[in-house]
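Colleague: I would be grateful for a close look at one part of this model, namely the strand pairing and what surrounds it.

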Amino acid sequence: MVQAPVQSLTQCYHPAMRIAVALAMGCGLAPLAASADEPFRCGKWIVTSVMSVGELTSKCGAPTSSQSKTEDVLVRNQIGGMSKVGETVTETLIYDRGAHAAAMVVTVVDGRIKSIDGKR
């Protein structure tokens, strides 16, 4: 009786397959990293990036400071040049929470909360 060699299940068949698996795993985890934010407390409320800017303002009040910038949205046209198709507005709202807590930086893009991070 002749036995066929058994190949390890953990071994990839080709080096390119290892790269493809690594890329697929990285792409699968990328949305988790992109959506991560740091919720923070405003009085009795917990603020997260799924809230609207109106809810944020009603729960936390006006930010301590804010900055706003408007950038053009450009696309490449058929002849190789760039055409403006719109504008995007990015606001940075900073909420100072006192001497014992880090300030919170809320990034708002086109009216929607994009991220919340602690400022150290």
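Modeller: Strands β4 and β5 run antiparallel and are joined by six bridges; strands here are DSSP runs of E with at least two residues, numbered from the N terminus, and two strands pair if DSSP finds at least two bridges between them. Within this pairing, L93 stands opposite V106 in β5. The model is predicted, so local features need pLDDT of at least 70 and side-chain atom pairs count only at pLDDT 80 or more, while totals for chains, interfaces and linings use all residues. Residues are numbered from 1 along each chain as its sequence is written, and side-chain values use heavy atoms, with hydrogens and water left out.

Strand β4 (residues 82-95) also runs antiparallel to β3, with twelve bridges joining them. There, E71 has T88 in β4 as its bridge partner. Five residues lie between the strands of the β3-β4 hairpin, where G80 takes a positive phi near 95°.

Strand β3 covers residues 65-76 and includes V73. V73 counts as partly exposed because its relative accessibility is 32%; partly exposed lies between buried, under 20% relative accessible area, and exposed, over 50%, with a 1.4 Å probe and protein chains only.

The phi of D110 is positive, near 50°, in a residue other than glycine. Most residues other than glycine have a negative phi. D110 is partly exposed because its relative accessible area is 47%.

Conventions. Helices (H or I, at least four residues) and strands (E, at least two) are DSSP runs, numbered from the N terminus.
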